[in-house]
Each structure stands twice: as structure tokens, then as C-alpha cells.
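This briefing covers strand pairing, helices, and the pockets and cavities of one model. Please read it alongside the sequence and coordinates.

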Amino acid sequence: MEKKLLLSAKDIEIEFTLRGKVLKAIRKCSLDIYEGETVAIVGESGSGKSVFTKSFLGMLDANGSITGGSILYDGTDISKYKTEKEWMTIRGKKIAMVMQDPMTSLNPLKKIGKQIQESIELNQGIKGPEAKRLAVEMLAKVGIPDPERRANQYPHEFSGGMRQRVVIAIAAACRPQILICDEPTTALDVTIQAQILDLIRELQKDLNMTVVYITHDLGVVANVADRVAVMYAGQIVEYGNVNEIFYDAWHPYTWALLSSLPQLGIKGEDLPTIDGTPPNLFNEVKGDAFAPRNRQALAIDFEEEPPYFAVSETHMAKTWYLDPRSPKIEQPKSIRMLREKMKR
């Protein structure tokens with residue numbers, strides 16, 4: 001059965017004005033999000049993952065704006081929304097976001113239960129004692145023990161993992177169709193990370209949500225995602241289902257990310273690193289943005305931006321390597337090793 005398309009971002013461009021200069025943070029980015037699926041957007045810091053997804057909720061900073069493309073949600077182009085009143089019909093109610101640092105997302109002066117209650121009252125229209133009861137229920141649902149007592153405590157009385165659960169409870173209490181999780185396991189130890197991912201998976205099933213993960217951790221991606229979009233320098237350079245990205249990637253940047261997985265490390269050898277730094281987006285990017293960091297770059301990579309080439313019906317990569325005229329370039333040994341390792 002074909003899944004329902006919930007949100008379709010097409011050729012999105014986002015610019016920021018900083019000290020009189022224009023920074024092109026997102027450069028013609030497209031992504032479709034379907035009902036009930038889990039999408040992971042991966043890439044190094046500064047690749048544009050958070051900025052791109054914040055545009056779905058009207059949460060760009062005051063100096064940022066969508067300058068091109070469309071975001072179709074429920075037949076409406078929400079990229080044209082200008083007022084807070086318009087965005088409030090989407091934010092929370094339809095699309096909610098779990099921020100990266102729970103301590104800065106929570107009000108230190110308000111009790112935890114009250115903060116969840118406010119989310120319920122604002123987005124579900126339920127008031128008073130009933131909203132309070134649902135807030136306690138939500139705390140229990142996200143695995144907080146003794147929820148009635150904990151609802152009367154303040155954020156500083158919770159551990160990092162517990163605060164992350166509370167932030168997830170606030171977002172899930174809105175009953176959104178799409179839940180965006182921005183690095184939900186950063187700064188948590190490994191056992192707590194696994195618990196948080198399990199919790200999001202359970203809530204997704206219970207509340208019939210679509211989940212979008214923003215992460216640079218490919219280990220998280222392998223565990224949770226149905227589809228993966230790889231971002232670099234404000235563009236999605238490759239996307240496909242999780243098996244296609246892990247076992248048959250074709251963009252050199254995706255290769256570099258996968259090659260640096262600790263699981264592929266050989267005892268006594270250094271892990272591969274990516275040369276150089278991402279391009280300065282104040283300047284116009286010529287050709288393939290990753291070319292200056294790619295030791296196997298083709299001459300055309302420095303001259304002309306590659307289009308998307310189809311690897312399969314569900315897998316696209318933005319690289320000249322896939323052009324029939326390109327010289328034969330093999331996937332790196334580490335990618336072939338990953339395929340063999342996963343098979344075993």
C-alpha cells in the first residue's frame with residue numbers, strides 16, 4: 001500500500017543576512033516525508049540540517065528567510081507564511097520539534113507538569129484539571145517514575161536523560177503528525193541514548209507519528225531510520241532507504257562519513273578523516289561543493305554542479321561519478337568491507 005505524502009519540500013533556498021553580507025545556508029533542497037516513516041537527515045555540523053527542518057515550523061532566526069522553493073503541507077504552501085498566527089496553525093499541532101539541548105528548552109522557573117500542561121492546553125484545546133491529568137499521564141508514558149510527584153518538580157531536579165524525556169513529552173503532548181528530533185541523544189551516555197531511541201520508537205507507534213531525526217551519528221541512523229538523506233553545504237547530496245545508503249552509497253561525501261564509522265576501524269590503524277573544511281557559504285559555490293575535499297574529484301566537479309542520478313527507483317545521488325561518461329570509479333574498500341561485515 002502506498003504511503004500518504006505528508007510534507008513535500010521542493011527546491012528550498014534559505015538566506016541569512018549577517019553584517020550586511022548574505023549567507024546562502026540552504027541551496028535548492030528537496031525532501032518528501034511520508035506518513036508513519038522514520039527519516040534521518042545526516043551530515044557534519046553546519047551542513048544545514050537544523051536550518052532546513054526549522055523552515056517547516058517557521059522557526060528561522062529573525063535574520064533568516066526562505067527565498068525560494070515551496071513546502072507543501074496538506075495542500076498549502078507553508079513557505080509563504082509570514083505571521084506567527086499562520087505558523088501557530090502548524091507549529092506544535094501538526095509538526096513539533098525536540099530541541100538539541102533539553103536544559104535550554106525547559107523553563108527553569110516552571111514546574112515540569114505545568115510545562116507539559118501548557119503544551120496540551122495550547123495544542124489540544126483541553127483545559128484545567130483534565131489537561132493536568134493528561135500531563136501526568138504523558139510523564140508516565142515517557143518512562144518517568146512516580147509521575148505525580150515528579151510533575152511538581154523543577155528542571156534542575158532531573159538528570160540529563162530525564163530532561164530529554166520531558167522535552168519529548170512536551171512535543172508528543174501536542175499530538176503532532178510529524179515529530180522532528182534534533183540530535184536527541186547528544187550529550188547522553190550510550191545506555192541512556194538507547195533508551196531515548198526506544199522511547200521515541202514506542203511513542204511513534206502509539207501516537208501514529210512520522211519521525212524526522214537530525215543527527216551526525218550514523219550508528220543512530222542504522223538503528224532507527226527507514227530512509228536517509230545526506231546533507232552537505234546546504235544541499236541533500238544523496239538519499240535512499242537505509243540499506244541503500246549503508247551498502248551502496250555513491251556520493252564521495254557519504255563514503256567519507258561511512259568510512260569514519262568506528263565499527264570499521266582496524267586495530268592499530270587510524271580512522272580515516274575527511275581533508276579540509278566545508279566551503280564558506282558567503283561565497284558562491286562552483287561545481288560540486290565537496291570537490292576540494294575529495295582526493296578522487298573529477299575535473300568537471302570543479303566546474304559544474306552535478307544533477308541527481310538515479311541509482312535505483314528509491315536512491316538518488318548528486319555526483320558526476322554516476323554519469324555514463326565518467327571514468328570508472330569504484331566504491332572505497334571500507335564501503336565494500338561494511339557490506340561484507342553487515343552480511344556476516
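Two strands count as paired if DSSP finds at least two bridges between them. Helices (H or I, at least four residues) and strands (E, at least two) are DSSP runs, numbered from the N terminus. The model is predicted: local features need pLDDT of at least 70 and side-chain atom pairs count only at pLDDT 80 or more, while totals for chains, interfaces and linings use all residues. Residues are numbered from 1 along each chain as its sequence is written, and side-chain values use heavy atoms, with hydrogens and water left out.

**Strands**

- S1 (residues 5-18) and S4 (residues 64-73) run antiparallel and are joined by 8 bridges; Phe16 has Gly64 in S4 as its bridge partner.
- S1 is also joined to S2 (residues 21-34), again antiparallel, by 10 bridges, with Val22 in S2 as the bridge partner of Thr17.
- The S1-S2 hairpin has 2 residues between its strands, and Arg19 in the turn has a positive phi of about 50°.
- An open sheet of 4 strands has the order S2-S1-S4-S5, with antiparallel pairing. Its edge strands are S2 and S5 (76-77), each of which pairs on one side only.
- S11 (residues 309-312) and S12 (residues 315-317) pair in the antiparallel sense over 3 bridges, and Phe309 stands opposite Ala317 in S12. These two strands form a hairpin with 2 residues between them.

**Helices**

- H4 has 13 residues and reaches 18 Å from its first C-alpha to its last, close to the 18 Å expected at 1.5 Å a residue; the expected span is 1.5 Å times one less than the number of residues.
- Buried means under 20% relative accessible area, exposed over 50% and partly exposed in between, with a 1.4 Å probe and protein chains only. Buried residues of H4 include Ile112, Gln115, Ser119, Ile120 and Asn123.
- The buried residues of H4 pack against H5 (128-141), H6 (147-150) and H7, where contact means heavy atoms within 4.5 Å.
- Gly125 follows H4 and has a positive phi, near 75°.
- In H11 (residues 252-259), 8 of the 8 residues are buried, so this helix is largely enclosed by the rest of the structure. Among them are Tyr253, Trp255 and Leu258.

**Second largest pocket**

- On a 1 Å grid over the protein atoms alone, a cavity is a set of points where a 1.4 Å probe fits but cannot get out, and a pocket is an open set with protein on both sides within 12 Å along at least five of seven lines; lining residues have an atom within 4 Å of a point.
- Grid points are joined across faces, edges and corners, and a volume is the space filled by probe spheres set on the points.
- The second largest pocket has a volume of about 530 Å³. Its lining has 22 residues, of which Met97, Ser105, Ser119, Ile170 and Ala171 lie nearest its centre.
- The largest share of this lining, 5 residues, comes from H4.
- The lining divides into 12 nonpolar, 7 polar and 3 charged residues. Ala, Val, Leu, Ile, Met, Phe, Trp, Tyr, Cys and Pro count as nonpolar, Asp, Glu, Lys and Arg as charged, and the others, Gly among them, as polar.

**Cavities**

- There are 2 cavities of 30 Å³ or more.
- About 60 Å³ of space lies in the largest cavity, and H5 gives the most to its lining, with 4 residues.
- The second largest cavity has a volume of about 30 Å³; residues lining it include His251, Asp288 and Lys318.
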